[in-house]
Amino acid sequence: MAEDNNQNGQNGNGNGGGVKLLSKMRTKVLAGVKEDVQMLKVDLPAKAKEQVELVKDPTKTQVYTSIFRHKHDDTPRNRALGVLSNVFLHLHPAKINRDSVRYSYTWGMGGITFYLFIVLTFTGVLLMFYYHPEKVQAFRDVLYLEHDVPFGKLLRNMHRWAAHLMVIAVWLHMYRVFLTGSYKKPREFNWNVGVILLVLTLLLSFTGYLLPDDQLGFWAVTVGTNMARATPLLGHEGPFGHQLGMTPYNDIRFGLLGGSIVDANALLRSYIWHCIGIPIVASLFMIVHFWRVRKDGGISGPAPVMLEAEVKEPRGAKAAAHA
Amino acid sequence: MDWHQLWEIVSAPDNVPIVALVPLLIFYTALAVKQARANDRLIAELEANPQEAKTRYRKAWPFKPGWQKEVHVWPFLLRVEFLAAIIVTAILMVWSISLNAPLEEPSNPNVTMNPAKAPWYFLGLQEMLVYFDPWIAGVVMPTLIIVGLMVVPYIDTNPLGNGYYTLRQRRFSIGTFAFGFLFLWVTMILIGTFIRGPGWQWFWPGQTWDHSRLIYEVNRDLPDLFGITSNMGKVVFGAVVVGGYYLLGGFIVFALFRRHQPKDYRRMSLLQYSIMVFFLLTMVGLPIKMGLRLAMHIKYVWITPYFNI
Ligand code: HEM
């Protein structure tokens, strides 16, 4: 085509006939357009067909393969990769003891506790959009949530009941860990991380109790923090507190409440502990907790039972027995 | 019988979790005991038959040769987790739709709530306030509970029962934990929730809460019973009683533990053993003091100018 064009150009120049040139160009252009349309007719269905084929199997698209790093057909390798190459799932090993997936062993309680923590974080953030940690305003915000915010009541209820449920779930989790002897070697340290998580869970629940700033929370927190007055050494009514110069204005209770009574400062401190301080600390401990579950060799069981006769006495004891 | 009063307590939204806790504890305890029994039977069988012990699949679960020992997390574990999440969500949804979170009047320091109760999970501590001064019930006891839990793995030297349910191999540790958790902690919470009424007085379930009821309870101190009046005498007397409790108690524990847990006893170092005895006696001290108070109206055992126990 390019050569054709060139020839025409030379001819045109020789004759000097402008009109002829124009009509020649027109035929050329028309022929070109015709060809384009022709190609479109052929290519479009072909490309469209190709596209449809691609859509039929989205796992072949570049977008898909950029997100998921391996194939998805049901092969053992892919099952393992599905867990290992996912940032959230890689908390798990690829394979586990066939019996430890039985619900009756772990009761799923650690996982349920963690799930409730996530639910609480989610609903808690939504509640924070509506809540101001100030006297008068706080209570109004809760009323507003209950009566005007769409699904506000459901939101508040869910946050409340999930919190209670989380306390129950942690207790049951601890109970099962104890009953299965899962705190024994090598999981002593993780049991301790767990105990701290237990305390943090209770503190989370307790600091949240004050936030609606109603009578229930106010008196519960008053009763609770009054005990802090009696802290030995650090409370003004506790043993040796007086001797160490503790007064209602400088003791540990004052530090907790930001004042000598449960008031605006206590509300603010409660709020900050509840929404920022403790959740962050608890998250850190959970990270360690889960990490250690893996590092300690995964879930403790159900392990094969061990017999008395198979206990290896520690070296010291043996030596003593021989002597 | 005041059914209305009973219903009011049981159906108070914040009490519902405890109403739920009791059946849950019963269910899971039964589930654990069932598995422990099965394992204990297996242990007894294997112990009677050492030859079999070498070849048997050592779990109470069925296993056939050729079965894989390990399964893929995807899908076998993940589907359980996914299901659990859905079920928990469904329960939460239903609960949240059907029951509203409590909201009382705006807080008012001038109007006291009677009874003013802590959240239910702390009612065990609040109940302890009846029997101990706040520094013990509110500060020392919680600290000891936490520390006590933390030392558990370091003082339980029994290597058996790691990773499976059993009663036979861990009678002592499981008994102790059940006593502390089920008997002391949960029972005290139940008392605090369902029994304690206005003025933190004892109202049987179904008894009407009488806000004007006064109980003239003359509480005595243990030294009074022995006619000790001087302050110095009380200090010394209390120290002797409390010290004596730990010494004598320690001796009794020693005599029993040595005989009935000889293996544990041999394995434990002096430090491990002393820590265990301290926590055990302190824990048992709680119901003893409760008994002294409820049966004999004894308030304090040890009276000093600085603290009373
Ligand atoms: C916020 C609280 C907690 C969360 C989210 C949590 C989560 C978990 C999860 C998901 C597991 C895996 C096994 C299972 O689900 O049972 C686990 C195991 C474990 N947890 Fe926790 N836990 C918490 C509190 C505790 C407490 C209070 C204790 C004990 C005092 C504890 C001690 C342990 C131990 C020792 C293991 C290893 C158990 C084994 O290998 O069988 N955790 N935890």
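**Aromatic pairs and the ligand shell**

With a relative accessible area of 15%, B:F122 counts as buried, because the cut-off for buried is under 20%. Please keep in mind that you are looking at a predicted model.

**Aromatic pairs**

- Counted over all chains, the structure has 41 aromatic pairs.
- One of them joins A:W107 and B:Y165, whose ring centres lie 6.4 Å apart. The planes of A:W107 and B:Y165 meet at 15 degrees, so this pair is stacked, given that planes under 30 degrees apart count that way.
- This pair runs between chains: A:W107 belongs to the loop between α5 (103–106) and α6 (109–128) of chain A, while B:Y165 belongs to the loop between α7 (134–155) and α8 (171–195) of chain B.
- Are the two partners buried or exposed? A:W107 is buried, at 0% relative accessibility, and B:Y165 is buried too, at 3%.
- B:F122 comes back here as the partner of B:Y121 in an edge-to-face pair, with 5.0 Å from centre to centre and 70 degrees between the planes.
- B:Y121 has a relative accessible area of 0%, so this residue is buried.

**Charges over rings**

- A:R102 places its charged end over the ring of B:W61, at 4.1 Å from the ring centre.
- Within chain B, the charged end of B:K289 sits over the ring of B:F132, 4.7 Å from the centre of that ring.

**Around the ligand**

- Which residues come nearest to the ligand? Out of 25 residues around the ligand, they are A:H173, A:R176, A:G194, A:H289 and A:S300.
- Two side chains reach ligand oxygen atoms at 2.8 Å: a polar side-chain atom of A:R176 lies at that distance from one, and an N or O atom in the side chain of A:S300 is 2.8 Å from a ligand oxygen.
- A:G110 takes part through its backbone, with an N or O atom 3.4 Å from an oxygen atom of the ligand.
- Two or more residues of the shell come from each of these elements of chain A: α6, α8 (152–179), α9 (188–210) and α12 (264–295).
- Which element gives the most to the shell? That is α9(A), with 6 residues.
- Sorted by class, the shell around the ligand consists of 12 nonpolar, 11 polar and 2 charged residues.

Key:
Residues numbered from 1 in each chain as written. Chains lettered and ligands numbered in written order. Predicted model: local features only at pLDDT ≥ 70, side-chain atom pairs only at ≥ 80, totals over all residues. Heavy atoms only, no water. Phe/Tyr/Trp six-rings, centres within 6.5 Å; stacked < 30°, edge-to-face > 60°. Helix = DSSP H or I, 4+ residues; strand = E, 2+ residues; numbered from the N terminus. Buried < 20%, exposed > 50% of the residue type's maximum accessible area, 1.4 Å probe, protein only. Lys NZ or Arg CZ within 6 Å of the ring centre and 35° of its normal. Near = heavy atom within 4 Å. Polar contact = N/O pair within 3.5 Å; in protein donor to acceptor, adjacent residues only side chain to side chain. Nonpolar A, V, L, I, M, F, W, Y, C, P; charged D, E, K, R; others polar.
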